[in-house]
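Reader: Could you walk me through how to read a chain like this one?
Author: Gladly; let us look at it together.

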Amino acid sequence: MAGVPSGAAQCVTNADCNDGNPCTTDTCNAPTCSYAPSDAPGCEPLVVCGNGVLEMGEACDDGNTTPGDGCSITCELEPGYTCEVSGMPCVDLDECSLELANCHDDARCENTPGSFTCTCNPGYEGDGVTCADIDECTQGTDDCDEDATCTNTPGSFTCTCNAGFEGNGVSCASLCGDGIVAANEACDDGNTTSGDGCHAMCVVEGGWTCGGAPSVCEAGACGDGILAGVEGCDDGNATSEDGCSSTCVVEEGFACSGVPSTCTPTNPCPDGQCADDPIAEGSCACSVPGSRDSGGDLAFAAGLLSLAVALRRRSSRNTSR
């Protein structure tokens with residue numbers, strides 16, 4: 001019989017192998033067994049898991065019988081490990097870098113001992129193997145300004161300020177001068193020029209009314225006490241000969257200022273100011289006749305001269321007749 005010494009006894013079962021006797025002539029001497037022919041009963045080698053020797057029937061043997069380290073207690077290869085050298089610890093497989101994981105394209109793969117995890121990227125939801133985009137705009141999770149428009153994008157969103165506003169979308173402010181009345185603007189005439197009814201800060205200026213977009217501004221009525229537009233004065237009435245005419249024009253001989261306008265004569269005493277004895281302070285009337293200043297004397301002399309010229313002309317006309 002092949003593999004069996006002549007005259008040697010044969011093992012009947014595996015339990016007969018390595019029977020512990022000192023006999024070396026039987027077929028079960030330790031630590032190996034001789035084999036009987038294939039058509040005769042025999043014994044197999046004794047396999048010891050955990051001895052660090054890769055023996056028949058073992059997929060691995062890392063020298064211990066601890067499970068969870070790549071080689072099981074029965075010397076079977078555990079998932080996620082490779083055990084290439086007998087007696088040495090098994091090596092964890094990095095499924096992420098080896099592209100062995102089944103994570104979604106929009107998920108993050110993280111290697112773990114013997115396995116891996118899949119987590120959906122920010123802006124997506126799911127179990128990592130399946131991920132779907134989150135619409136932040138419809139779910140109210142965006143941070144766009146109330147005067148901005150939210151637009152969903154794959155895994156994120158964008159914020160764009162609405163017409164009439166400027167900013168980054170998260171913070172928007174009205175744009176004065178664009179001709180669009182928005183937010184807290186009272187007017188917007190398409191420019192940032194003051195004095196035309198709509199101020200550079202897009203507020204209606206005093207004495208003006210503005211409407212429409214772009215805003216059209218008109219000056220208020222003469223006599224309302226508000227100086228606006230082309231008005232040279234506005235004393236709060238439509239009466240002439242008080243310095244400010246009924247069309248809000250400064251009358252000759254007057255100076256007007258303030259709002260409402262206050263008008264005063266530019267020459268309060270055309271006949272000359274009293275030199276020493278005015279009836280009251282600032283009055284042009286004198287308590288003693290003939291006590292006016294030089295300005296009054298000149299005016300009086302000029303008056304006499306004018307009267308003399310007029311009388312002479314009349315006398316000449318009478319003579320010629």
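This is a predicted model: local features need pLDDT of at least 70, side-chain atom pairs count only at pLDDT 80 or more; totals for chains, interfaces and linings use all residues.

Reader: What share of the 321 residues is buried?
Author: Buried means under 20% relative accessible area, exposed over 50%, and partly exposed in between (1.4 Å probe, protein chains only). Here buried residues make up 26% of the chain.

Reader: Which residues form the largest nonpolar core?
Author: In soluble globular proteins, nonpolar side chains tend to be buried together. A nonpolar core is a set of buried Ala, Val, Leu, Ile, Met, Phe, Trp, Tyr and Cys residues joined through side-chain atoms within 4.5 Å. The largest has seven residues: Cys144, Ala148, Cys159, Cys161, Phe165, Cys172 and Ala182.

Reader: How many disulfides does the structure hold?
Author: Counting pairs of cysteine sulfur atoms within 2.5 Å as disulfides, the structure holds 15. One of them joins Cys187 and Cys198, with sulfur atoms 2.2 Å apart. The torsion about that S-S bond is about 100°, so the Cys187-Cys198 disulfide is right-handed.

Reader: Are Cys210 and Cys217, then, buried or partly exposed?
Author: Their disulfide has an S to S distance of 2.1 Å. Cys210 is partly exposed at 23% relative accessible area, while Cys217 is buried at 17%.

Notes: Residues are numbered from 1 along each chain as its sequence is written. Side-chain values use heavy atoms; hydrogens and water are left out.
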